[in-house]
Amino acid sequence: TVTTQLYMEKAQPSTTEDGVEIAEFDWYDYVDDAPTDLKYSVLWSSVPGSAVEIHGFAWGTDAITTFDPPLAVTDSDDKMLNGDAVTSTSTGSDGVTYTVTGTLVEAVPECPTTWISSWTDCIHYNIDDGGVGLPFAGDYTLEVDYGPAYFQLTGDPAQWTLLRYDYAASE
């Protein structure tokens, strides 16, 4: 039984830095079919042939902590195999040094969701922050063309599952 829901929204517009689009994803509590309190935000970039990178994060309405350089959570050539890991360290704009390790745990033959039952090209990926509790650390099951089917952030009592998805080609 679902007792709580999350709502994720891609903030508009995205920003561009050194020719790379950086997307801000904002996560809200979702009550009575409406987003309510902002829980956290994460700045991501993903460019084919480059590492997936995290550029920053924020808790609630706090100022965004940015990373310079961004934290890479995949390798830079899109060639990771089961068990491959990438460790990245960066100092945040808050003066704290952060280290994360991204690991391709395994290929998954399918990752059906409540919304789509036919996803068949999936991977299980882990982002480990060494116990810091960052809002992007945890286990993800991703459909390689579309993104997260389910995830469980470190410290969450259960896995979040995609219930529905709204997408426009311009996004």
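1. The classes used here are buried for under 20% relative accessible area, exposed for over 50%, and partly exposed in between, computed with a 1.4 Å probe on protein chains only. Please keep in mind that this is a predicted model, where local features need pLDDT of at least 70 and side-chain atom pairs count only at pLDDT 80 or more, while totals for chains, interfaces and linings use all residues. Residues are numbered from 1 along each chain as its sequence is written, and side-chain values use heavy atoms, with hydrogens and water left out.

2. What does lysine 10 form a salt bridge with? The partner is glutamate 21, and the closest N and O atoms are 3.5 Å apart. Lysine 10 belongs to strand S1 (residues 5-10) and glutamate 21 to strand S3 (residues 20-31), so this pair ties together parts that lie 11 residues apart in sequence. Strands (E, at least two residues) are DSSP runs, numbered from the N terminus. Glutamate 21 is partly exposed, at 43% relative accessible area.

3. A search of the whole structure gives two salt bridges, each being a side-chain nitrogen of Lys or Arg within 4 Å of a carboxyl oxygen of Asp or Glu. Aspartate 29 and lysine 39 also meet in such a bridge, at 3.6 Å from N to O. Here aspartate 29 sits in strand S3 and lysine 39 in strand S4 (residues 34-45), so the pair ties together parts that are 10 residues apart in sequence. Aspartate 29 is partly exposed at 26% relative accessibility, and lysine 39 is partly exposed at 33%. As background, side chains of opposite charge can pair when their charged atoms come close.

4. Now for the backbone, and two peptide bonds to look at. The bond from glutamine 12 to proline 13 is cis, with omega near -10°; proline 13 is placed in the loop between S1 and strand S2 (15-17). The bond from aspartate 68 to proline 69 is cis as well, with omega near 5°, and proline 69 lies in strand S6 (residues 65-72).

5. Where is aspartate 18 found? This residue is in the loop between S2 and S3, and its phi is near 50°, a positive value in a residue other than glycine. Aspartate 18 counts as exposed, at 78% relative accessibility.

6. Aspartate 33 has a positive phi of about 60°, although it is not a glycine. Aspartate 33 lies in the loop between S3 and S4 and is exposed, with 59% relative accessible area.

Note on methods. Helices (H or I, at least four residues) and strands (E, at least two) are DSSP runs, numbered from the N terminus.
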